[in-house]
Amino acid sequence: MGLFVYLPLVLPLTAWPVARLAAQHLHPRTATRLLASLAAVMALCSTLCLALLMVVGTAQLPGNPLPDAWSDPEVRAALPYDEIAGKAAIPALLGVCAAVGRTVWRHLAVRRRAVRAVAGLPGTSVAVLDDGAEAYAYALPGPPGRPGAGRVVVTRALLDRLAPAERRALFAHERAHLAARHHRFLLVTQVAARANPFLVPLRTATAYTVERWADEEAARVVRDRRVVARAIGKAALVAARAPAPAFASLAAPGPVPRRVAALLGPAPAARTRPSLFTGVGLALWCAAGGTAVSAMSSANAAVTTVLVLRAATPL
């Protein structure tokens, strides 16, 4: 295995330029899918790498309940600095598991609270809440397996501040979130960033691109990009923090001026694969190559360890 086994831990550093270039130069739909896929693969590989380091590196410690074959010299020789890396991997892996578990639990808790908030309202696709002067809106996904069961949750205070055309833009924006299941992309990148902090730029960029994706869908539905831009600007000025921050929203915190500026310009091209002979294309293809190398190094390390163990274990 050699030092090759440590690559999955550091390759997520390539997420920094990729996140910026993808958000700026790719269609939001393409950028969202690409960034979420990269985050998922890189997070999985880095977590597998930590687990392998922990198991192999701590196998020879006294009192370890692992089988004797795990402490075979051939196994330890395949991992450089095995004892140091193994001991360091223990708190790191425990921290990753705790952070990922907390993120998933908070997501589910927020979803349960949001469902309870609209439980007594008529079962329409739009749930209007009387929440005093609080102005917010968000897309509440339906149960798994029922993508059409989602609802748009909006307060009357926000609706009163929008013109009729801007209301249509708001509803089109939130329905785009529901139709494309944007909450899944957000959850994947949130979990990935917890698994490896180097992936935080992908989480931030995905939070932006899902909103841009919904912005473009809303502009396509209402056929007026300026109306959508005004709706976003008004919502950002008057909206309070929504009680369901885990879900996508028209007035989600983030670079609202960038979204408005993008809507005041021409619609982005729907090209899905950037040319290799551009800066963004080169960065994205390098990131794809890095992800493939990360996956291969993790798989190679796991397979090598299994083969060594099988050879070291007496029949």
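Setting aside neighbours within four places in sequence, R225 is in contact with E216, A219, A262, L263, G265, P266, A267 and P268, where contact means heavy atoms within 4.5 Å. The model described here is predicted: local features need pLDDT of at least 70, side-chain atom pairs count only at pLDDT 80 or more, and totals for chains, interfaces and linings use all residues. Residues are numbered from 1 along each chain as its sequence is written, and side-chain values use heavy atoms, with hydrogens and water left out.

R225 belongs to helix α10; helices (H or I, at least four residues) and strands (E, at least two) are DSSP runs, numbered from the N terminus. With a relative accessible area of 18%, R225 is buried. On this scale, buried means under 20% relative accessible area, exposed means over 50%, and partly exposed lies in between (1.4 Å probe, protein chains only). A polar atom of the R225 side chain lies 3.0 Å from the backbone oxygen of L263. For such pairs, a polar contact is a pair of N or O atoms within 3.5 Å; within protein, one must be able to donate a hydrogen and the other to accept it, and residues adjacent in sequence count only if both atoms are side-chain atoms.

L263 also takes part in a helix pairing. The axes of α9 and α11 (residues 256-264) come within 11 Å and cross at roughly 35°; axes are lines fitted to C-alpha atoms, for helices over the stretch in contact, and angles run from 0 to 180 degrees between N-to-C directions. From α9, the contact is made by Y208, E211, R212, D215, E216 and A219, and from α11 by R258, R259, A262 and L263. These residues divide into four nonpolar, no polar and six charged. In this grouping, Ala, Val, Leu, Ile, Met, Phe, Trp, Tyr, Cys and Pro count as nonpolar, Asp, Glu, Lys and Arg as charged, and the others, Gly among them, as polar.

Two arginines in loops have backbone angles worth a look. R223 sits in the loop between α9 and α10 (225-238) and has a positive phi of about 60° although it is not a glycine. R223 counts as exposed because its relative accessibility is 78%. R181, in the loop between α7 (164-179) and α8, has a phi near 55°, again a positive value in a residue other than glycine. R181 is buried, since its relative accessible area is 9%.

N196 is placed in the loop between α8 (182-195) and α9 (200-222), and its relative accessible area of 6% makes N196 buried. A polar atom of the N196 side chain lies 3.0 Å from the backbone nitrogen of F198. Beyond neighbours within four places in sequence, N196 is in contact with P8, L9, P12 and S46. A269, by comparison, lies in the loop between α11 and α12 (279-312) and is exposed, with a relative accessible area of 60%. The C-alpha atoms of A269 and P28 are separated by 9.8 Å, although these residues are 241 residues apart along the chain.

Turning to the whole protein, there are twelve helices and three strands. Of its 315 residues, 45% count as buried. Among contacts between residues at least 6 apart in sequence, 77% join residues at least 24 apart.
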